[in-house]
Amino acid sequence: MADLANAAETWVEQYADRVFRLAHALVGERTRAEDAAQESLYNIARWCLNHPEFTPTDAWVYQVTRNAVRDQARRWPQATVPLDEGLASAAVDPGVERLDVARALTALSDHDREVLVFFYFLDLTTEEVAQVLKISPTAVRIRLSRARKRFKVVFERGTEEQNPERRRRR
Amino acid sequence: MKEESRDPEQLLKSYWHGRLDSLEAPPDLVDRALTHARHAGPMHVESRFGRPFKRAITGLAGMAVVGVLAFWAVSHHHGGISASSANAPRAQYHESAAGAAKTAKVKSSPSFTGAVAAFSKSTSKTLWAVKTASGQIQLWTKPASARHWHRVKTFPGTGSQVDLGFSGKTGWLLVLGAGGHWRAWTTQDSGKIWGALSLPAVAKSSTGAALSDVGGAPAYLALSRPDGRTALYRKSNDGWIREAIQGISGTLSAIRIKASGHGEALAGGALYQTQDGGRRWSMLAGSTAMAYTSANTKSAAAVPMPDANARRIANLQGLGSRVGGVQRVAYHGFLWQHQRHGWQRIGRLPAQGPVRSLTFVTVDNGYVLFKSGMIYVTHDGGASWVRYHNE
């Protein structure tokens, strides 16, 4: 039993940072990311404690984290706070694009955002993303292409609203 | 100027990798997850054949069973809520059983601990609370029908006095930080995005501050100076512009100015009104001597509601709430109600001590926040109250 607990602890410690980063990328805010990461690590630990022969894989951990984020969004749909303090303070500098990127990401649907996170932040292949999202690689490629286009449109609209001069120059 | 690259791939990669690559999980996250997991017991695993069957049951008859069980659990086993002190009436909890069933699964969420400093509602469906305990300014929320609170944001720094206000989708938070420095945040979308609101430089040395919105955006800021005078600032595209004001004296504690220019303010315990956007103020007769504290019970029983301005003063102070044509006011230890036939005393408030805010979500469901940080909830229009356990 002690071995089992040690194994679960090892797995959870090994994945804690990655889970937290992924949750942060998906929800966009530290407090909610902590809640989602904690829920996710709890599920990972509990599964490992109940299944001694189980070895977690990256894809499985990402899937658990994504489910925890989705559960959280379902429970508290209004509690989305996508901008952290660093971004809010960056708003005073019109040259900083990070705020525009953050705003554009919040305007995307959960489906679009998560496929972008898995592909661009975690650098997974389309096959790996397909495994996490439980869809076909073709569906991933289609979803990725659409998400990219939507992000670009929302991002450019946002930067033009923030910087009218840029629009006039064009 | 050279136009920057707008390739979404590069933008997203640099955004995420720049922000998150160095991020580490908080040290206690692993401990909390492991502790909960060790106490959770064995895990149920669905078989491939059992899953659709279980879903069908859950979707139909199962939902009814879960609903009945959740209702039973809520009415017999209050969980996060329990009856208050001995003089408080017996709890009668009627909030959504479905909400309770949903949140019952959340075993590892942070709890709603610490004293509440401010309380507000953004729409009829969402409640907001600010806690300043443990050196942080935490914003919590819950749908009115849900049972559990959820922490949505932690603002930087510490704060003591807090004022939280919502007008439709617009909300603002004023905090008196260490060293007498006022800071403010605002939201335009029902609390989804909060941005820092810059204040005039004199806010660093002000003894009091109050904000008022016009058309859904913070538009007026009243700052009380150490010499007792009040400065009024109007928000414009160029920042805050100071307005010369006449006819108002004493520390200004609350202000509300409408787009039409009509407004009300509380200063030095008296009610003032303006017709011209806050430049000239006149005090309303008979509006003084309104002490909205919960006094000790025997003398309070003999206190009548003093004058016609009671509702306006109470609403300005956050001690009045009007829903469905029924105005309620927390006054001198009692809950008062005003309908067509005038004032009627509903009953005693659930605790003694000053009241910070009174908020009714529906005609029957309401919350009272005491300055001590305790929240009580009623589901029968104020006849009985139940305490939220915050400790």
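Predicted model: local features only at pLDDT ≥ 70, side-chain atom pairs only at ≥ 80, totals over all residues.
Biologist: What describes two packed helices?

Modeller: Two packed helices are described by the angle between their axes and by the distance between those axes. Here, helix α3 (residues 58-75) of chain A packs on helix α7 (residues 126-133) of chain A at about 50°, with the axes 8 Å apart. α3(A) is therefore oblique to α7(A), and the crossing is right-handed.

Biologist: Which residues in α3(A) and α7(A) meet?

Modeller: From α3(A) come A59(A), Y62(A), Q63(A) and R66(A); from α7(A) come Q131(A), V132(A) and L133(A). By class, that contact has 4 nonpolar, 2 polar and 1 charged residues.

Biologist: How many salt bridges does the structure hold over all chains?

Modeller: There are 10. In one of them, E114(A) pairs with R70(A), with the closest N and O atoms 3.0 Å apart. E114(A) lies in helix α6 (residues 110-121) and R70(A) in α3, both of chain A, so the pair ties together parts 44 residues apart in sequence. R66(A), R70(A) and E114(A) are linked in a network of salt bridges.

Biologist: Is E114(A) buried or exposed?

Modeller: Buried means under 20% relative accessible area; E114(A) has 3%, so E114(A) is buried. R70(A), at 25%, is partly exposed.

Biologist: Where is G277(B) found?

Modeller: G277(B) sits in the loop between β16 (270-274) and β17 (282-283) of chain B. Its relative accessibility is 8%, so G277(B) counts as buried. Beyond its neighbours within four places in sequence, G277(B) is in contact with Y220(B), L232(B), I257(B) and G261(B).

Technical notes
Residues numbered from 1 in each chain as written. Chains lettered and ligands numbered in written order. Heavy atoms only, no water. Axes fitted to C-alpha atoms, helices over the stretch in contact; angles between N-to-C directions. Helix = DSSP H or I, 4+ residues; strand = E, 2+ residues; numbered from the N terminus. Parallel < 35°, antiparallel > 145°, perpendicular 65-115°, else oblique. Left-handed = near helix turned anticlockwise from the far one by under 90°. Contact = heavy atoms within 4.5 Å. Nonpolar A, V, L, I, M, F, W, Y, C, P; charged D, E, K, R; others polar. Buried < 20%, exposed > 50% of the residue type's maximum accessible area, 1.4 Å probe, protein only. Salt bridge = Lys/Arg side-chain N within 4 Å of Asp/Glu carboxyl O.
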